[in-house]
Amino acid sequence: MRASVRRSSPDPRATAVAVALLTAGALTPAGLSAQRNREPTVPPPTILEYQPRSTLIVPETRVPRARFPVVDFHGHPGRLDDPETLARVVAAMDELNIQVMVQAIPSSGERLTRQIEAVRQAGLSHRFVFFASLDLQSVGPGDGVRIAQQLERDVAAGAVGIGEISKGFGLFSRRADGTRLPMDDPELDPVWRTAARLNVPVFIHTGDPAEFFQPMDYQNERWLELALFTNRRFFDRERFPSFDDLMAERDRLLERHPNTTWVLAHLGWHAQDLGRLGRLFDRFPNVHAEIGAILYDLGRQPRNAKRFFERYQDRILFGKDSFQPDEYPYYWRVLETEDEYFDYYRNYHAFWKLYGMGLSDAVLEKVYNGNARRIIPGMPTQGW
Ligand SMILES: [Zn+2]
């Protein structure tokens, strides 16, 4: 592990304030330098120990249910092949106002059909849709056609999309000769063309937050998460491409297949740079994105994010990722309310507070269900 320490330069605004105080005679030059170099007189807490209570008292809105019926495009509810799991998941969906969940734990063949059949027998076909998996291990000559044929069979069996294709594609997947499988490898062209012909969306997760590809130093916004999870560190350039190289590869894949409907998981990991995602949307009209697990980035820029959601209201889909029913109301609160300075649910994603975006009903409806209903074939027509 390589750790470098960047030195911080003095904040120019703080310096300007100090100069103003100095001119007014409030600080002597000696006092000024003591202020700058002042050290805590007691040992400072660790990053884990410091948990300040907020003293801010502002209106709070509880939003246990989404305002409109929701399609969770990024569902990971576990394998849906037994009545107990189905009953438990549907009960949670009913509480939260999730009308349809996309089973984004991809499956194929027998594993796929067993779940579709279990859902049908439970009378819940209008509540779940299933995405197919792709076998992207050791891809060699002829495998593209083979994978495309399996996709045809899975769609015939009832799958209505592909994915979630995991971040392994681009980071870990290999060709048969042992080299890294580039996402835009022409061998896979038959797969993406088949998806276009069958009119099923491809739900793809590429990379991880950009900070996971940066040195793990004390300026890294995701230091705590990197410290907690050894498998989220991608800063070794001998093993992994840089964030920008990986995204450029993904973009070449999108460009190669303009007739395929793509849905980027986690806003393509551009939630901290929505301008970049906007340029991507402008360049590729066939590309959509889903908001799972990046709520902390929307909630720290509520006005900018709201303008972005208004502008790209036909391209953004609701998705949650990990299935923790008590976490969904944080999404409803950020998207629907104008609440201020409230907690997020996971300290290692974000140490900051969230603010509500206060989206309009028209935008909310598209994000919650309209866009997903448009791009997923054969969605239930009732219950909206
Ligand atoms: Zn996922």
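Visitor: How many residues of strand S3 (residues 128-132) are buried?

Guide: Strand S3 has 5 of its 5 residues buried, and it is mostly covered. Buried means that 20 or more other C-beta atoms, placed from the backbone, lie within 10 Å of the residue's own; exposed means 12 or fewer, and partly exposed is in between. Helices (H or I, at least four residues) and strands (E, at least two) are DSSP runs, numbered from the N terminus.

A word on the model. It is predicted: local features need pLDDT of at least 70, side-chain atom pairs count only at pLDDT 80 or more, and totals for chains, interfaces and linings use all residues. Residues are numbered from 1 along each chain as its sequence is written.

Now look at the two sides of S3. In a regular strand the side chains alternate between the two faces of the sheet. On one side of S3 sit Phe128, Phe130 and Ala132. On the other sit Val129 and Phe131. Both faces are covered.

Next, the neighbour. Strand S2 (residues 98-107) pairs with S3 in the parallel sense, over 4 bridges. Pairing requires at least two bridges found by DSSP between the strands. Val129 of S3 is the bridge partner of Val102. To get from S2 to S3, the chain passes through helix H4 (residues 109-121), and this β-α-β crossover is right-handed. Right-handed here means that, with the strands pointing away from the viewer, the path from the first strand over the helix to the second runs clockwise.

Leu112 is buried, with 22 other C-beta atoms within 10 Å. From Leu112 to Ala132 is 20 residues along the chain, yet their C-alpha atoms are separated by 7.4 Å. Leaving out residues up to four places away in sequence, Leu112 touches Ser107, Phe130, Ala132, Asp154, Ala157 and Ala159. Contact means that the C-beta atoms, placed from the backbone, lie within 7 Å. Phe130 and Ala132 in that list belong to one side of S3.

Met101 in S2 is the bridge partner of Asp72. Between S1 and S2 the chain crosses through H3, and this β-α-β crossover is right-handed too. In S1 (residues 70-76), 6 of the 7 residues are buried, so the strand is largely enclosed by the rest of the structure.

S1 has another partner. It pairs with S9 in the parallel sense over 2 bridges. There, Ser322 in S9 is the bridge partner of His76. S9 (residues 321-322) also contains Asp321. Asp321 has a positive phi of about 80°, although it is not a glycine. Most residues other than glycine have a negative phi, and most peptide bonds are trans. Asp321 is buried, with 21 other C-beta atoms within 10 Å.

Ala293 is another residue with a positive phi, about 60°, that is not a glycine. It lies in the loop between strand S7 (287-290) and helix H11 (295-298). Ala293 is buried, with 22 other C-beta atoms within 10 Å.

A peptide bond deserves a glance as well. Gly163 and Glu164 are joined by a cis peptide bond, with omega about -5°. Glu164 is in strand S4 (residues 162-165).

H3 leads on to one more helix. H3 (83-96), H11 and helix H14 (361-375) are what the buried residues of helix H13 pack against. H13 (residues 328-336) is mostly covered, with 8 of its 9 residues buried. These are Tyr328, Tyr330, Tyr331, Trp332, Arg333, Val334, Leu335 and Glu336.

Finally, step back. The chain has 14 helices and 9 strands. Its C-alpha trace spans about 80 × 50 × 40 Å along the principal axes. Of its 384 residues, 39% are buried. Among contacts between residues at least 6 apart in sequence, 79% join residues at least 24 apart. S3, where we began, has 5 of its 5 residues buried.

Notes
Two residues are in contact if their C-beta atoms, placed from the backbone, lie within 7 Å.
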